[in-house]
Amino acid sequence: MEREIITEVYPWESRVAIVEDGRLVEVFWADQDENVGNIYKGKVKDILPGLSCAFIDIGLSKNAFLYAGDVMIPGQRKVSNGLDLLKSGQDIMVQVKKEAFSEKGARVTGNLTIPGHFIVLLPCQIDISISRKLTDDQRREHLRRLMEKHKPPEMGIILRTACQEAEDEEILGELQDLVQAWEEINRRFERMRAPNLIYEDIDVLERTLRDYLDGDIRRVIINNEKLKEKITSYMNKKKSNFDFTVQFEEGDLFEKFGLEKDIRRTLRRKVWLRNGGYLIIDETEAMTVIDVNSGKYTGKNDFEETVFKLNQEAAVEIPRQLRLRSLGGIILIDFIDMRVKENVDKIVSTLKRELAKDKAHTRIIGMTGLGFLEMTRKKSRYGVSEFFTDECAHCNGRGRMINMFALACEVKRKLANMGYMENEEIICEANPRLLEFIHNDEKNLGYIEKRTQKKVKLLANPDLALVDYKIYTE
């Protein structure tokens, strides 16, 4: 497998795409409001034993949600009911586990994690865990002994897949850095008032490099020359020798490399497979259901072989769609029924192989009584549909409508890359609602005019649909 990382950075957003074997598999967005991974000194506002949760003020617009099972306080022993450790008005250290969404506040946990490239430090645990993707028993035992000898006794460790080829000195060096980061977090907790941010996770580009940097990576492409120095500095700090190039390219990179259309396709329910079959993907509040259909594919031989080939391709495409759409929670897959048990086992094996490429934790439960394959996937960030669309106000959330922030970001990206035009003025013609959203962002409009050395003129056209706009010069 060959992997590329394509990155666009603008003042209003950053986007990072993961491309494997020429196909887009994941996209990460970040703006100034991103919070997952951040650690806060919060204050307990409400304790609700009947719902087994507490609400914590961490300084955001909505109080964060803390489940009783996630209550852990450094230096204190975990109890069966975590709410027994809390009282109203108490200061508490929590980490954002899941972004706020819709009417829900952010979900937080007291089970803190400080991740690095090789290891994850667990300040509230004492166990040593090793990635299941490290299958060499001798290597696993060596790493376990190494950590037992050097880790602080009151802390836990997760050894990540990147430890497979790492030198002991690299792993121990990162351990020391993470322990120092934890000590600084404790100092900030003691001296700062609640609510307050006491640890900010690294930005989306560094986080992607931390999680995806391995022997499969071939190229990093960015649209910002200063980021080349940042990546070089990051690599020097890691002291790792990976054979990949860092390449600067101007312009709208997602458009240039054909990624924009792939992202837009993820908003559709139907996903066509190469052999003519297709998937139907439906997201609900409780779960995601994926249906495999034969479509235009009729096969050439017997029915069982036709169905097997359809399911085989679906088993490859479904894990890609889960990553690309950032789908999580309970997932039910309705493969086309197969009579031969060996074929069923092969489909499950293919699914497991493709899911192994996913950094998010996944688990295949098995077949339900109705013949669905049941699995789960951990989710901590927005999906594509959540980022690009909002609930429709006219049908009480039964449908989706375009998200104004996402659409405005798209228009600003296009404007920011119009510097090659000869005219001194760029005209953006759009629906008045969209233009109002863009016009209020004076700071980034100024950035666009400075970058392109052109005046931006916003021209209202009520006849244009909300999603349609025109950018041109006269």
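The structure holds one cavity of 30 Å³ or more, a cavity being a set of points on a 1 Å grid over the protein atoms alone where a 1.4 Å probe fits but cannot get out, with grid points joined across faces, edges and corners and the volume taken as the space filled by probe spheres set on the points. The volume of the largest cavity is about 30 Å³, and its lining (residues with an atom within 4 Å of a point) consists of T266, E283, R325, V384 and S385. By class, this lining comprises one nonpolar, two polar and two charged residues, where Ala, Val, Leu, Ile, Met, Phe, Trp, Tyr, Cys and Pro count as nonpolar, Asp, Glu, Lys and Arg as charged, and the others, Gly among them, as polar.

The model is predicted, with pLDDT of at least 70 needed for local features and 80 or more for side-chain atom pairs, while totals for chains, interfaces and linings use all residues. Residues are numbered from 1 along each chain as its sequence is written, and side-chain values use heavy atoms, with hydrogens and water left out.

Helix packing was examined next, helices being DSSP runs (H or I, at least four residues) numbered from the N terminus. The axes of α1 (residues 137–150) and α2 (residues 168–191) come within 12 Å and cross at roughly 40°, the axes being lines fitted to C-alpha atoms over the stretch in contact and the angles running from 0 to 180 degrees between N-to-C directions. The two helices α1 and α2 are therefore oblique to each other, given that angles under 35 degrees count as roughly parallel, over 145 as roughly antiparallel, 65 to 115 as roughly perpendicular and the rest as oblique. In contact (heavy atoms within 4.5 Å) are R139, H142, L143, L146, M147 and H150 of α1 with D168, I171, L172 and L175 of α2, a set with six nonpolar, two polar and two charged residues.

Helices α7 (residues 303–325) and α8 (residues 341–355) pack at an angle of about 20°, their axes lying 9 Å apart, and are therefore roughly parallel to each other. Residues in this contact include F308, A315 and V316 of α7 and I347, L351 and L355 of α8, and by class the contact has eight nonpolar, four polar and four charged residues.

For α10 (residues 404–416) and α11 (residues 432–439), the packing angle is about 75° and the axes are 10 Å apart; α10 and α11 are therefore roughly perpendicular to each other. Here M404, F405, L407, A408 and V411 in α10 meet R433, L434, F437 and I438 in α11, and these residues divide into eight nonpolar, no polar and one charged.

Terms used: On a 1 Å grid over the protein atoms alone, a cavity is a set of points where a 1.4 Å probe fits but cannot get out, and a pocket is an open set with protein on both sides within 12 Å along at least five of seven lines; lining residues have an atom within 4 Å of a point.
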